[in-house]
Amino acid sequence: IPSDIPTSSPTLIPSDIPTLSPSHIPSDIPTSSPTLIPSDIPTLSPSHIPSDIPSLFPTPHCHDKSAYLSLKGLRCRDFDMLAKLVPCTKLEELGVNRVDVNSIIASCPRTCGYCETN
């Protein structure tokens, strides 16, 4: 039974019973069991790694970050030709540092082919 007055010191032990009214502020600790059903409410900020399932409503303003530089000092356009041959998610297999691969995917969606094209 929920309390009418919120606690000033939250519990350190998680509950086995899910809340009936979720928080509007995201947690810094990800859930150990993510939901299997997608939300109808879009997130406030995009994920850093693209989903394997394409979005039903892609953003109309998909673009590479113009100020992006990889750890080796390369811009998104420097990966353009390579990204046409190999998916950006496979760049690590070609020797690109994993941190760089994640930042390339997050910062260069147009170069990586994640933008809708007409």
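Me: Why is the disulfide of Cys62 and Cys115 left-handed?
Reply: Bear in mind that this is a predicted model. The sulfur atoms of Cys62 and Cys115 sit 1.8 Å apart, and both cysteines are buried. The disulfide is left-handed because the torsion about its S-S bond is about -70 degrees.

Me: How many residues apart are Cys62 and Cys115?
Reply: This pair links distant parts of the chain. Cys62 is in the segment before α1 (80-85), while Cys115 is in the segment after α2, and that puts them at 53 residues apart.

Me: Which parts does the pair Cys76 and Cys108 tie together?
Reply: A disulfide joins these two, S to S 2.0 Å. Cys76 counts as buried because its relative accessibility is 5%, and Cys108 does too, at 0%. The pair ties together parts that are 32 residues apart in sequence: the segment before α1 and the segment after α2.

Me: Where does Cys88 lie, and where is Cys112?
Reply: Their sulfur atoms are 2.1 Å apart, forming a disulfide. The torsion about that S-S bond is about -95 degrees, so this one is left-handed. Cys112 lies in the segment after α2, and Cys88 in the loop between α1 and α2.

Me: What is the pairing of the bonded cysteines, numbered in sequence order?
Reply: The count comes to three disulfides. Go through the bonded cysteines of the protein in sequence order and the pairing reads 1-6, 2-4, 3-5.

Me: Which residue caps the N-terminal end of α2?
Reply: Helix α2 covers residues 98-107, with Val101 and Ile104 among its buried residues. At its N-terminal end, a side-chain oxygen lies 2.7 Å from the backbone nitrogen of Val99, and the capping residue is Asn97.

Definitions and conventions:
Residues are numbered from 1 along each chain as its sequence is written. This is a predicted model: local features need pLDDT of at least 70, side-chain atom pairs count only at pLDDT 80 or more; totals for chains, interfaces and linings use all residues. Side-chain values use heavy atoms; hydrogens and water are left out. Buried means under 20% relative accessible area, exposed over 50%, partly exposed in between (1.4 Å probe, protein chains only). Helices (H or I, at least four residues) and strands (E, at least two) are DSSP runs, numbered from the N terminus. A polar contact is a pair of N or O atoms within 3.5 Å; within protein, one must be able to donate a hydrogen and the other to accept it, and residues adjacent in sequence count only if both atoms are side-chain atoms. A disulfide is a pair of cysteine sulfur atoms within 2.5 Å.
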